[in-house]
Amino acid sequence: MAWVPLDLWYDFLMAWQDDEVTDPEIAGIPTDYPQLAVSETGLDWGDVSQIRDKLKLTPTERLKAAQDFMNAVLRIRAQNAR
Amino acid sequence: MPAELRFDEVLRVLVRNEVEFIVVGGIAAILQGSPLTTEDVDVVYLTSEENILHLAKALGELEAFYLDPAGRHIEPDATRLASARIHLLKTRCGRVDVLRTVGKGLAFQDLVGKSRVLEVDELQVRVLDLATIIETKEHADRPKDRYQLLFLRQVLAEIQRLEAE
């Protein structure tokens with residue numbers, strides 16, 4: 001397998017534009033790396049939308065979601081350790 | 001390793017035993033909207049004699065024992081909870097870190113005014129506010145804290161944006 005330096009790989013992704021693709025049904029949805037505007041805190045649009053989704057939940061729902069997620073991770077870890 | 005993590009059960013046992021505590025760290029951040037994950041519950045406890053007895057009873061119910069590099073099975077008791085500053089424990093519900101202070105030596109009394117009570121699973125749970133969690137992470141300044149700060153600052157900014165609307 002060819003080894004690709006991470007910075008070159010990232011530059012490649014950032015330079016890769018799909019602006020010529022015009023699909024009216026997905027207008028307004030970021031579909032290219034330059035469109036994922038970085039927030040003031042250094043996160044991209046995907047991260048920020050994830051936070052906005054969490055803020056729609058109650059504290060109980062947030063705790064349950066985190067607990068369920070970690071338990072799924074632990075089950076997968078245990079299966080892989082067998 | 002327990003069969004499954006039960007963050008909710010840890011909080012329930014502490015509340016049922018009338019322990020005076022403040023949830024800090026990852027779970028406190030999650031309860032306030034952080035998308036990051038954690039495997040343990042971190043709490044700061046009031047170091048009064050009565051509260052330490054309540055805490056020791058709660059930790060007994062949780063079948064807690066110290067995370068010991070030598071692998072010994074040592075349980076936290078009232079004497080240990082009254083003396084040592086940090087208790088990293090394994091319980092039947094997962095890891096629980098029981099702390100006397102966080103950040104710049106901030107104890108329960110220092111943190112209570114920087115906390116808020118949230119309803120979690122029909123329990124009233126005192127949780128360190130996000131701005132103070134951020135301060136403790138800035139103080140710790142480990143690489144993992146710097147990574148988490150990216151998210152915590154954004155969560156705080158989003159909450160402030162929602163409150164302003």
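**View 1. A buried arginine without a salt bridge.** In this predicted model, A:Arg62 is buried but takes part in no salt bridge. The nearest side chain of opposite charge belongs to A:Glu61, and it is 7.0 Å away. If you are tracing the fold, look for A:Arg62 in helix H3 of chain A, which covers residues 59–81.

**View 2. Backbone oxygens around the A:Arg62 side chain.** Here we turn to the polar partners of this side chain. The backbone oxygen of A:Leu57 sits 2.8 Å from one of the polar atoms of the A:Arg62 side chain. The backbone oxygen of A:Leu55 is 3.3 Å from a polar atom of that side chain.

**View 3. A:Arg62 and its contacts in both chains.** Apart from neighbours within four places in sequence, A:Arg62 touches A:Lys54, A:Leu55 and A:Leu57 in chain A. From chain B, its contacts are B:Ile30, B:Leu31, B:Gln32 and B:Gly33.

**View 4. Where chain B meets chain A.** The contact involves 29 residues of chain B and 21 residues of chain A. About 2,200 Å² is buried between the two chains, with 69% coming from carbon and sulfur atoms. B:Leu5, B:Pro35 and B:Gln154 provide 20% of the area that chain B buries against chain A, more than any other three residues.

**View 5. A salt bridge across the interface.** B:Glu158 pairs with A:Arg52 in a salt bridge whose closest N and O atoms are 2.8 Å apart. The count of salt bridges between chain B and chain A is 2. On the side of chain B that touches chain A, H7(B) gives the most, with 9 residues. That side divides into 15 nonpolar, 5 polar and 9 charged residues.

Definitions and conventions: Residues are numbered from 1 along each chain as its sequence is written. Chains are lettered from A and ligands numbered from 1 in the order in which they are written. This is a predicted model: local features need pLDDT of at least 70, side-chain atom pairs count only at pLDDT 80 or more; totals for chains, interfaces and linings use all residues. Side-chain values use heavy atoms; hydrogens and water are left out. Helices (H or I, at least four residues) and strands (E, at least two) are DSSP runs, numbered from the N terminus. Buried means under 20% relative accessible area, exposed over 50%, partly exposed in between (1.4 Å probe, protein chains only). Lys and Arg count as positive and Asp and Glu as negative; His and the chain ends are not counted. A salt bridge is a side-chain nitrogen of Lys or Arg within 4 Å of a carboxyl oxygen of Asp or Glu. A polar contact is a pair of N or O atoms within 3.5 Å; within protein, one must be able to donate a hydrogen and the other to accept it, and residues adjacent in sequence count only if both atoms are side-chain atoms. Contact means heavy atoms within 4.5 Å. Buried area is the accessible area (1.4 Å probe) that two parts lose on being put together, summed over both. Ala, Val, Leu, Ile, Met, Phe, Trp, Tyr, Cys and Pro count as nonpolar, Asp, Glu, Lys and Arg as charged, and the others, Gly among them, as polar.
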